[in-house]
Amino acid sequence: MSQKMRNFRPINRKGRYYAKAYSMTEILIVLCIIGILLLMVLPSQTSVISQAKSIEAQSMLNHLYGLQKNHFYRYSRYSADFEEIGFEPAPTINEGGQAVYKIEIIEASTNSFRATATSLSDFDDDGSFNTWEIDNKKSLRETVKD
């Protein structure tokens with residue numbers, strides 16, 4: 001018997017051969033099991049995804065804090081203008097970019113400032129949008145959890 005024919009078994013006495021393979025039913029059962037396992041895993045991954053996205057807000061607010069402090073040391077006041085402090089917000093998903101958070105300076109005065117990062121999408125569809133806040137004391141906190 002040739003090397004190629006060793007992987008085949010005779011189907012009947014007339015010498016016909018067929019290849020070893022899985023039936024369509026066996027393949028469908030395996031695919032159904034994989035689908036069920038994926039459905040069980042995906043809901044637990046949404047919290048990991050929202051945590052990863054919140055790192056974007058934290059890093060942008062920390063960068064904004066550094067620019068505000070730099071501006072304060074130069075001019076003895078904080079600014080509410082992004083251009084004045086040299087901050088260029090990343091284009092958001094609404095503007096065709098990839099940023100998930102919108103950065104805003106809520107207040108800026110001679111002695112203090114406060115800025116927020118608000119998510120543009122509801123990560124877990126509960127109606128609340130994740131919001132982070134930073135102030136002139138570098139107090140970074142999550143004000144609205146999603």
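The model is predicted, so local features need pLDDT of at least 70 and side-chain atom pairs pLDDT 80 or more, while totals for chains, interfaces and linings use all residues. Residues are numbered from 1 along each chain as its sequence is written, and side-chain values use heavy atoms, leaving out hydrogens and water.

**Stop 1**

**Stop 2: the whole chain**

Now zoom out and switch to a cartoon view. Going along the sequence, the pattern reads β-β-α-α-β-β-β-β. Of the 146 residues in the protein, 26% are buried.

**Stop 3: the four-stranded sheet**

Colour β3, β4, β5 and β6. In that order they make an open sheet of four strands with antiparallel pairing (two strands pair if DSSP finds at least two bridges between them). The edges are β3, residues 101-108, and β6, residues 141-144, each of which pairs on one side only. On average, neighbouring strands of this sheet are turned by 30 degrees against each other, direction ignored (axes are lines fitted to C-alpha atoms, and angles between N-to-C directions run from 0 to 180 degrees).

- β3 and β4 pair over seven bridges, and a hairpin of four residues joins them. Select K102 again and look for T118, its bridge partner in β4. Then select I105, which stands opposite A115 in β4.
- β4 and β5 pair over five bridges. Keep A115 selected and find its bridge partner in β5, I134.
- β5, residues 131-135, and β6 pair over three bridges. Select T131 and look across to V144 in β6.

Is strand β4 largely enclosed or open? β4 covers residues 113-119, and five of its seven residues are buried, so this strand is largely enclosed by the rest of the structure.

**Stop 4: the nonpolar core**

Show side chains for L61, L64, Y101, I103, A115 and A117. Within the largest nonpolar core, which has 19 residues, these six touch the most other members (such a core is a set of buried Ala, Val, Leu, Ile, Met, Phe, Trp, Tyr and Cys residues joined through side-chain atoms within 4.5 Å). At least two residues of this core come from each of α1, β3, β4 and β5. Which element gives the most? That is α1, with six residues. In soluble globular proteins, nonpolar side chains tend to be buried together.

**Stop 5: a nonpolar patch outside**

Switch to a surface view and select Y22, M24, I27, L28, V30, L31, I34 and L38. Together they form a nonpolar patch on the surface with about 850 Å² of accessible area. Patch members have over 30% relative accessible area and no salt bridge; like charges are joined within 9 Å, and nonpolar side chains (Val, Leu, Ile, Met, Phe, Trp, Tyr) within 5 Å. Accessible areas come from the Shrake-Rupley method with a 1.4 Å probe, only the protein chains shown counting as cover for residues. L38 belongs to helix α1, residues 24-75.

**Stop 6**

Most residues other than glycine have a negative phi. Go to S76, in the loop between α1 and α2 (82-85): although not a glycine, S76 has a positive phi of about 60 degrees. S76 is partly exposed, with a relative accessible area of 48%. Then jump to K138, in the loop between β5 and β6. K138 also has a positive phi of about 60 degrees without being a glycine, and is partly exposed at 46% relative accessibility.

**Stop 6: the remaining salt bridges**

R77 is partly exposed at 34%, and E84 is partly exposed at 35%. Finish with E133 and R141, whose side chains meet at 2.7 Å, N to O. Here E133 is buried, at 10% relative accessibility, whereas R141 is partly exposed at 42%.

Definitions and conventions
Salt bridge = Lys/Arg side-chain N within 4 Å of Asp/Glu carboxyl O. Buried < 20%, exposed > 50% of the residue type's maximum accessible area, 1.4 Å probe, protein only.
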